[in-house]
Amino acid sequence: MNDRGGAEFEVVIGLEVHAHLQTRSKLFGPAPVSYGERPNHSVDPICLALPGVLPVLNARALELAVRASLAMHCEVHHRSIFARKSYFYPDLPKGYQISQYEEPLATGGWVDIPVEGGGDTSTKRVRLTRIHMEEDAGKSIHDDAVAGAGATSVDLNRSGVPLIEIVSEPDLRSAEEATAYLRTIRALLRYTEVSNADMEKGHLRCDVNVSLRPRGSEEYGTRTELKNLNSFRFIEEAVDAEVARQTEILERGECVRQCTLGYDPQTHLTHVLRLKEDADDYRYFPDPDLVPLVLSETEIERVRKQIPELAEQKCERFRTEYGLSEYDALQLTVTRSLADFFETAARAHGQPKPVANWILRDVLQALKERDLEIDDSPLEAESLARLIRLVDEGKTTAKSARGLVPELVERGGDPVALVDERGLGAVSDAGLIEKSVVEVLEENPDNVELYRSGEEKVVNFLIGQVMQKTQGKASPAIVREILERELRK
């Protein structure tokens, strides 16, 4: 089974992304937003829903929500309404969540995501339905070690944390497109400093709506909702599992039931949590404790001017200012921190293209192997520039320098000192190199004859043999010079 629904069915996917806003305090109260605090210690009377308290909107949260909406090309409305969304869970003290429904903060908008099938720079435009503000709920902990056997404990530290919900149109057609969309949203939120978007800490979560329809049909099938997915791998696995489940149901001639689902990564199966509620079940109505939210055009434009250079703009500038290929520029602007790292290193070194090559080839590989982002690594951009300069000046070889990159990524340090400590300085003694060259020529007479008959490319093989004899420490430039001189004799 593939995630495109096989020959008979087409997969239709829409995402509801919940992102915590990067504020110091909660959406309607003074309690600090913190992660890792002891349970029920980042709370206040408002998020605990004590009698007689009234909510007061966090101005910083509003500003960040507007910034995200503008960055995603939405129309920010001059008037929006906070509503009460009623449902009853132990981690929702009020019995309702303050959200937005009929009159949200922003509507429309779009993001472009990378897709396969048309080259490295192919994109697909995914439309947005709306972006609205709301407060987060608390957290129910189903852990026997914490709450006791068969019991559930409640932590309200997360209750009232400000977030935005970004709702897409059902424009996605595969699990891969769904994860590409979420990666794009995460990058935008980080670029604009709206959210840390750390999925492990719950800053970014999403609900995935999945339905199948006969291929070629314009009507949507019955959707199911995969709830609270917080990793790219789980999203892909869950969508694939749900597509397989719905396909089996439809192939039996039965109907898919609208419901909310959980995903079990151990069994790789989805399971029904509850029959899906519709909006009527939440009994939305305007919150009487909050006046309508009114924004002037001047206020909206003030926020627009604060939006930093985004990935698309940065990518174009990298191409024109630094002479990078479109592919290299796209890779270097995936995250703002990586783009900033490249620019700092390029300025320190003076030549952007070699710096880009080292980052894309060596640094990213070392980061991937250690499951790190560039801003999680102690490697400094200036240190990378110094390492590359050592190679340029012939003070160490590219091979030796590349061997140091993983250590610098993991522990940081001064590349000049590391080269001295490890004895990785390049061998520039012409006599020692000439001895190795003579040995290589004697060991490879066939290649020598090929070179002398016009096959000049064979010199690269011979250079490699000399580098092996010198354990990669010989200066490649001196090796080439001596080797070509000897071959011309």
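Me: At roughly what angle do the axes of helix α7 and α9 cross?
Reply: In this predicted model, local features need pLDDT of at least 70, side-chain atom pairs count only at pLDDT 80 or more, and totals for chains, interfaces and linings use all residues. Residues are numbered from 1 along each chain as its sequence is written, and side-chain values use heavy atoms, with hydrogens and water left out. Helices (DSSP runs of H or I, at least four residues) and strands (E, at least two) are numbered from the N terminus; axes are lines fitted to C-alpha atoms, for helices over the stretch in contact, and angles run from 0 to 180 degrees between N-to-C directions. The axes of α7 (residues 311-322) and α9 come within 12 Å and cross at roughly 15°.

Me: Which residues in α9 does α7 meet?
Reply: Contact means heavy atoms within 4.5 Å. From α7, Lys314, Arg317, Phe318 and Tyr322 take part; their counterparts in α9 are Ala339, Asp340, Phe342 and Glu343.

Me: Are α9 and α10 parallel or oblique to each other?
Reply: The axes of α9 (residues 336-349) and α10 (residues 352-369) come within 9 Å, crossing at roughly 135°. Angles under 35 degrees count as roughly parallel, over 145 as roughly antiparallel, 65 to 115 as roughly perpendicular and the rest as oblique. The two helices, α9 and α10, are therefore oblique.

Me: In β5, which residue is the bridge partner of Arg84?
Reply: Strands pair if DSSP finds at least two bridges between them. Strand β4 (residues 83-86) runs antiparallel to β5, and 4 bridges join them. The partner of Arg84 in β5 is Ile98.
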